[in-house]
Amino acid sequence: MPSQSVPLVAFLSDYGRSDPFVGLCHAVIAAHAPHARVIDLTHDVAPQGVAEGALLLADCLSSLPPAVVLAVVDPGVGTSRRAVVVAAGTPPHRRLLVGPDNGLLWPAAEALGGADAAWEIDITRLPSRPVAARTFDGRDVFAPVAARIAAGAHPDDVGAPLPVEELIRPELPITSLGDGALHTAVLRADRFGNLLLAAVAEELGQAAWVVGDEVCIEAGARSATARVSTTFADVPAGAMALLPDAFGRLQVAVCEGDASHVLGVGRGADLRITDARSRGSDVHPAGT
Amino acid sequence: MPSQSVPLVAFLSDYGRSDPFVGLCHAVIAAHAPHARVIDLTHDVAPQGVAEGALLLADCLSSLPPAVVLAVVDPGVGTSRRAVVVAAGTPPHRRLLVGPDNGLLWPAAEALGGADAAWEIDITRLPSRPVAARTFDGRDVFAPVAARIAAGAHPDDVGAPLPVEELIRPELPITSLGDGALHTAVLRADRFGNLLLAAVAEELGQAAWVVGDEVCIEAGARSATARVSTTFADVPAGAMALLPDAFGRLQVAVCEGDASHVLGVGRGADLRITDARSRGSDVHPAGT
Amino acid sequence: MPSQSVPLVAFLSDYGRSDPFVGLCHAVIAAHAPHARVIDLTHDVAPQGVAEGALLLADCLSSLPPAVVLAVVDPGVGTSRRAVVVAAGTPPHRRLLVGPDNGLLWPAAEALGGADAAWEIDITRLPSRPVAARTFDGRDVFAPVAARIAAGAHPDDVGAPLPVEELIRPELPITSLGDGALHTAVLRADRFGNLLLAAVAEELGQAAWVVGDEVCIEAGARSATARVSTTFADVPAGAMALLPDAFGRLQVAVCEGDASHVLGVGRGADLRITDARSRGSDVHPAGT
């Protein structure tokens, strides 16, 4: 690593910000890699939400400069689940990903072209844990490993090779297109009330919808009409739009409003989206 | 820029912290300006609260070392609103401010002595957007421009000069003094329940109130008596004080208590403050 | 300080993240110590929760690399309470701690072996405050002092020696063991609903409990049976465990669940823990 470069660690977790968990991981990274900088992607993945974290991590990758990726959403901490380093991508987009082997890293590796090497972290090669409990592998396992790699270590220094075929795949929300309806899930509502969907923007084209079309969005007992758009302002204030989000997925938004409130749904909800012209009398404008 | 200096980007937005928006802006800044550091002033401006963000940004400036200022509260993302760079102040207090041209940057420029140059950002000079949507100009426009300037670029490298007269002015809360009453707005309640007001501390003197005076604070149907003070502990526990905040504005606080709770108001509320001696029998102590 | 080292400031407060308080302290640190990095341990100590902040700070210390420690939980801001620098520990674990003299720094100093030197900060040696109010000593006193020390200043440069005997001790939650019951307090519930207790893990042994034992945890009118464990997964999903946390204290957790919800308690609650075998018919499984 040239002396002028700044090693980066990109960090995503479900630790939240109210507890000192994130700060202590930063402290450990500073101890092992004093010159590294940490970019906090988000720490508000739903607690133990492996699938949500996995998709968020994959979505963030395209904006990242070269960095070691540290991701911790770890319902299996303290069990025999593996701690791993995964390599994917070709230079300059090659990345090393550090985290639990529970599917969290898989979509990110896929987005880079697929995992081509992996290592199982050997905790006997790490500094001893500060206390006896095995409840905080972020601080005790994953952050030290990510920091040492950011400081120049090779994954062979922290673990033994693992066939990539043995890595765990995640269970992700299923998006399907059939009978003229797109079925997809809400990954999360963002701060502005926009509903971020699992479906990717290409599925608009697969459904033969183009900008300007009207679609009906059903969320349980509620439904609303939305216009296929490219940005929030393509519809009037108070109207609903279906448009690409910042990561290439679809989102449902209300211009100057809150789609999560209008449809009464958030993280995990299932949506059914159909062509508004093909529907009967039960199509209502947003908010009714 | 001398090799030993650390370029700074001071960043304010309404992105919140639960979504990866802030983290992705950090990632983009690291990509364009690997040696820059980012100071997160706050990201909890009310969603699309341009006036609140504008005043907060102006208030924060006096504590800032030399830094490029990046501010994003952007209800017009995706519309034809301009993206701008604004210059204001004289060395060593000269600053370049990057953000949407919707009034957000104006009070900060005024606090520095007024904008004396501006540029309209030309997005054709930026790296191509990662996806087709135009919903995240923080990542795709403002952060790259702020980073490039922090790394030494001149605003001419990212845009064309714009007459400062064409910059948009914000609509700010109005503070007025008349008939013995100070009318002002609550900008926000802070974590301790203190009500931060739009009125500046000088308005105490214009109202001819001095430390020790008692004033009546009316918030809709509720009212309470407060003592003009210089710090929280100038009144007994449970009593209300009207005092300068950390930015030269006024605040309403309850010693060891929560003024927002006592008066039942928060962000955006209108207050009427009068001399308690000039009022009738409807003056009540805090909490009644 | 060698030119290659990165000075660190570890920062804990009750400022929260919604206001610009933390960001402005970062700005001031960057102004006084451009090469320093700040590690935010947590800023979500309960507002004015000196005891909670004091224990959290002490708990975080063992994970910290060499750093100046900046801690601000300061209900007495604006009063005559002292602002202090405290030294404790022997190299390489010697630390300088900066904050209000209200007990906040004391447990951290004890964890390092006890304070062996202290200084009272002399605010006349600091840059003048930006405004007249004395409501934000984090920005105006503590952050500048921490930054100057991080940049190489000696505490003598910012204050006068103070006998360590004069430092204020905090009032901490009392843990007691007697009549077969461990009485302790909930310091806080973490994001996962785990109840972090004041009792330290050694008290399990003093109570003669070993891994596998069943204990009864009483919280007011509710009670539940928990198993003494070493990690979350030692009990089945939905069952309650009493185990060491990441800091050497005890915690109550529900495997794949939320102990705070099951017991209906959070920050500040008192718990009574007894051997389940010695109890009568009023022992119930978790959640009943």
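A polar contact here is a pair of N or O atoms within 3.5 Å, and within protein one atom must be able to donate a hydrogen and the other to accept it. By that rule, 11 residue pairs are in polar contact across the interface of chain C and chain A, both residues of each pair being at pLDDT 80 or more. The model is predicted.

**Interface of chain C and chain A**

- The contact involves 32 residues of chain C and 34 residues of chain A.
- About 2600 Å² is buried between chain C and chain A, with 59% of it on carbon and sulfur atoms.
- On the chain C side, the residues that lose the most area to chain A are Arg37(C), Arg191(C) and Phe192(C), which together make up 26% of what that side buries.
- The rule finds 2 salt bridges across this interface.
- A salt bridge joins Arg188(C) to Asp19(A), where the closest N and O atoms are 3.1 Å apart.
- Elements of chain C that each supply at least two residues to the side touching chain A are β2 (37–42), α2 (50–60), β9 (181–189) and β13 (240–244).
- With 5 residues, β2(C) gives the most to that side.
- The side of chain C that touches chain A divides by class into 16 nonpolar, 7 polar and 9 charged residues.

**Interface of chain A and chain B**

- Here 32 residues of chain A are in contact with 34 residues of chain B.
- Chain A and chain B bury about 2600 Å² between them, and carbon and sulfur atoms carry 59% of it.
- Arg37(A), Arg191(A) and Phe192(A) supply 26% of the area that chain A buries against chain B, more than any other three residues.
- Across the interface of chain A and chain B there are 2 salt bridges by the rule.
- Arg191(A) forms a salt bridge with Asp44(B), and the closest N and O atoms of the two are 3.7 Å apart.
- The polar contacts between chain A and chain B amount to 11 residue pairs, both residues at pLDDT 80 or more.
- On the side of chain A that touches chain B, two or more residues come from each of β2 (37–42), α2 (50–60), β9 (181–189) and β13 (240–244) of chain A.
- Strand β2(A) provides the largest share of that side, 5 residues.
- That side of chain A has 16 nonpolar, 7 polar and 9 charged residues.

**Helix α2 of chain B**

- Helix α2 of chain B spans residues 50–60 and is mostly covered, with 10 of its 11 residues buried.
- Among the buried residues of α2(B) are Glu52(B) and Asp59(B), along with Leu55(B), Leu56(B) and Leu57(B).

**Arg188(B) in strand β9**

- Arg188(B) lies in strand β9 (residues 181–189) of chain B.
- Its relative accessible area is 5%, so Arg188(B) counts as buried, the cut-off being under 20%.
- Within chain B, the side chain of Arg188(B) makes a polar contact of 2.9 Å with the side chain of Glu52(B).
- Toward chain C, the side chain of Arg188(B) makes a polar contact of 3.1 Å with the side chain of Asp19(C).
- Residues that Arg188(B) touches, beyond those up to four places away in sequence, include Asp44(B), Leu56(B) and Arg267(B) in chain B, and Ser18(C) and Pro20(C) in chain C.

**Ala181(C) in strand β9**

- Ala181(C) is part of strand β9 of chain C.
- With a relative accessible area of 1%, Ala181(C) is buried.
- The C-alpha atoms of Ala181(C) and Arg272(C) are 6.3 Å apart, although the two residues are 91 residues apart along the chain.
- Ala181(C) touches Ser176(C), Arg272(C), Ile273(C) and Thr274(C), leaving out residues up to four places away in sequence.

**Aromatic pairs**

- Over all chains, the structure holds 9 aromatic pairs.
- The rings of Tyr15(B) and Phe136(B) form an edge-to-face pair because their planes stand at 85 degrees, with the ring centres 5.6 Å apart; the edge-to-face class takes planes over 60 degrees apart.
- This pair links distant parts of the chain, 121 residues apart: Tyr15(B) is in the loop between β1 (8–13) and α1 (21–32), and Phe136(B) is in the loop between β6 (115–121) and α4 (137–150).
- Tyr15(B) counts as buried at 7% relative accessibility, and Phe136(B) counts as buried at 4%.
- In chain A, Tyr15(A), Phe21(A) and Phe136(A) form one aromatic cluster.

Note on methods. Residues are numbered from 1 along each chain as its sequence is written. Chains are lettered from A and ligands numbered from 1 in the order in which they are written. This is a predicted model: local features need pLDDT of at least 70, side-chain atom pairs count only at pLDDT 80 or more; totals for chains, interfaces and linings use all residues. Side-chain values use heavy atoms; hydrogens and water are left out. Contact means heavy atoms within 4.5 Å. Buried area is the accessible area (1.4 Å probe) that two parts lose on being put together, summed over both. A salt bridge is a side-chain nitrogen of Lys or Arg within 4 Å of a carboxyl oxygen of Asp or Glu. Helices (H or I, at least four residues) and strands (E, at least two) are DSSP runs, numbered from the N terminus. Ala, Val, Leu, Ile, Met, Phe, Trp, Tyr, Cys and Pro count as nonpolar, Asp, Glu, Lys and Arg as charged, and the others, Gly among them, as polar. Buried means under 20% relative accessible area, exposed over 50%, partly exposed in between (1.4 Å probe, protein chains only). Rings of Phe, Tyr and Trp (its six-membered ring) pair if their centres lie within 6.5 Å; planes under 30 degrees apart count as stacked, over 60 as edge-to-face and the rest as tilted.
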